[in-house]
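Biologist: Could you take me through this fold? I would like to begin with the sheet.

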Amino acid sequence: MAQDLREGLLLGMGNPLLDISANVGSDFLKKYDLNSNDAILAGDKHKPMYDELIEKYKADIIAGGSVQNTMRVAQWFLGKPKIAVYMGCVGTDKYAKILEDKAQADGLNVRYQYTSKEPTGTCAVLITGNERSLCANLAAANCFSPSHIEEPENKKLLDAAEYIYVSGFFLTVSPESIQTVARHAFESNKMFMMNLNAPFLCEFYKEPMLAALPYVDILFGNETEADAFGKANNFRTTDRKEIALKLSQMEKLNEKRQRIVVITQGADSILVAKDNTVTEYPANKLPPEKVIDTNGAGDAFVGGFLAQLIQGKSIEICLKCGIWAATQIVQRSGCTYEGKPNFTP
């Protein structure tokens, strides 16, 4: 039972972002040189977009950031507050307060690092039909430093955690912090988990990604990320099952357990590479009219998965809960939910 779990069992580290979510047309994407179903970092040409969304498109403002979403969803299932701890860097502004209030209301133990150098990060969530394009202006999230982990109260939280989850997006911010928590997990035989998160990371942040991978016990990704990883690492195959298997067999430092690789493919089956075999698990395909917004579906999937994993449930139950969570989230705007989850394995 989740109520028997202790506080601080699960630690997440990532980029806290305020999602600015709006329905736009393909002309808007073209204006800012964006593609649907993509995830990129904002350049100078994208900076005016955030104000435009708020002023002209009646944008929703939602607490976001990949790992923060995942931790919030995990807490939703667990019900008991503060089982999950979240670290990331924000500015000293009203957006940081909105983020913190929302995350705490959802039961998270929030341990933000604060910086006065940059405003709180934002992410444009551009919805065209059932597809979404993400463009993140990391701003303050870029300022996370390893010193935050060394603060006595935060170090205690790291020591107390048995499961640690970081985003691939965090590779652009603080590879050093990822190495610190990954080494800690390895030395203490804790579960260290990571997400590929975006195709550009597999290509342009290949070096820090490959430096983190030997520590990873469970790796998550979607179909485009798996394809990009296979290509960037010369796997010489476009067969996703083979890519998942090769990923699971790459160097791993903790030999007490083999790496598990979980590749989601939207409404298609999920590929799980485990114990040198790949198994397919059917996803839950909704009729198109029920899909409101796919933003946060992947984050929610991992949140549901982790909520069961830290309770010692089987991988099959973890996957079922992840699928159930993602199915709920896509029927709402942003990574949001209401009421109590009625998931039954």
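Modeller: This is a predicted model. Nine strands make up an open sheet with mixed pairing, in the order 6-5-1-9-10-11-12-13-14.

Biologist: Which strands are at the edges?

Modeller: Strand 6 (109–115) and strand 14 (277–281) are the edge strands, each pairing on one side only. On average, neighbouring strands of the sheet are turned by 20 degrees against each other, direction ignored.

Biologist: How do strand 1 and strand 9 run, and how many bridges join them?

Modeller: They run parallel, and four bridges join strand 1 (residues 10–13) to strand 9 (residues 163–167). In this pairing, L10 stands opposite Y163.

Biologist: What does helix 12 touch on the sheet?

Modeller: Helix 12 (residues 297–309) packs on the sheet and touches strand 1, strand 9, strand 10, strand 11, strand 12 and strand 13. Its direction makes about 155 degrees with that of strand 11. Helix 13 (residues 315–329) lies across strand 12, strand 13 and strand 14, at about 150 degrees to strand 13.

Biologist: Changing topic, which residues of helix 2 are buried?

Modeller: M49, Y50, E52 and L53 are buried in helix 2 (residues 49–56). They lie on the same side of helix 2 because they cover an arc of only 165 degrees around the axis.

Biologist: What do they pack against?

Modeller: The buried residues of helix 2 pack against strand 2 (17–23), helix 1 (26–31), strand 7 (121–128) and strand 8 (131–137). Strand 8 also holds L134.

Biologist: Is L134 buried or exposed?

Modeller: L134 has a relative accessible area of 14%, so it is buried. Its C-alpha atom is separated by 6.1 Å from that of D38, 96 residues apart along the chain.

Terms used: Residues numbered from 1 in each chain as written. Predicted model: local features only at pLDDT ≥ 70, side-chain atom pairs only at ≥ 80, totals over all residues. Heavy atoms only, no water. Buried < 20%, exposed > 50% of the residue type's maximum accessible area, 1.4 Å probe, protein only. Helix = DSSP H or I, 4+ residues; strand = E, 2+ residues; numbered from the N terminus. Arc of directions from axis to C-beta. Contact = heavy atoms within 4.5 Å. Pairing = 2+ DSSP bridges. Axes fitted to C-alpha atoms, helices over the stretch in contact; angles between N-to-C directions.
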